[in-house]
Amino acid sequence: MSAGFAEKAEYIASDAVIAAVAARAAASVPGVARLEPGVLGLLGHLARTGRQWWSSQDIAPGAGVRVRHSGGWLKVQVDLSVRGGCQVGEVGQAVQQEVVRMVAQQTGMLVDAVSVAILDIAPGAS
């Protein structure tokens, strides 16, 4: 193997891997109650579950997260619920920062935009 090969190699993480990393990052932020997959997310989850069942492989969980590539940009959408009693804006910003940090750290890819949709506030204290 030549030394030039490693310099020219391109490493790409799949959208499912990026979504799984982003989902774990978002869920780890204090104040996040759970990720919310929504209707499209549920359909994608069913498709992944079926693929997992047929192939006997574990599929990285990414429910509640959508990854889009647009014009060379990497965009991540996170849908979640927060715990009652917390500042929604602060939780949203913390999720954005943690997703950017963890995706870069674990995949080497730079996220250009993270959109966070707060779909619900779970009752109870934070």
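In which helix of the protein chain is confidence lowest, and in which is it highest?

1. This is a predicted model, in which local features need pLDDT of at least 70, side-chain atom pairs count only at pLDDT 80 or more, and totals for chains, interfaces and linings use all residues. Residues are numbered from 1 along each chain as its sequence is written, and side-chain values use heavy atoms, with hydrogens and water left out.

2. Confidence is given as pLDDT, the predictor's score for each residue, from 0 to 100. The lowest confidence in the protein chain falls in helix α1 (residues 3-8), with a mean of 58, and the highest in α4, at 97. The chain average is 82, and 71% of the residues score at least 70. Where pLDDT is low, the predicted coordinates should not be read in detail.

3. The protein chain has four helices and four strands, in the order α-α-β-α-β-β-α-β along the sequence. Helices (H or I, at least four residues) and strands (E, at least two) are DSSP runs, numbered from the N terminus.

4. Of the 126 residues of the protein chain, 32% count as buried, that is, under 20% relative accessible area with a 1.4 Å probe, protein chains only.

5. E98 lies in helix α4 (residues 88-107). E98 counts as buried because its relative accessible area is 19%. Apart from its neighbours within four places in sequence, E98 is in contact (heavy atoms within 4.5 Å) with A25, S28 and V29.

Methods
Buried means under 20% relative accessible area, exposed over 50%, partly exposed in between (1.4 Å probe, protein chains only).
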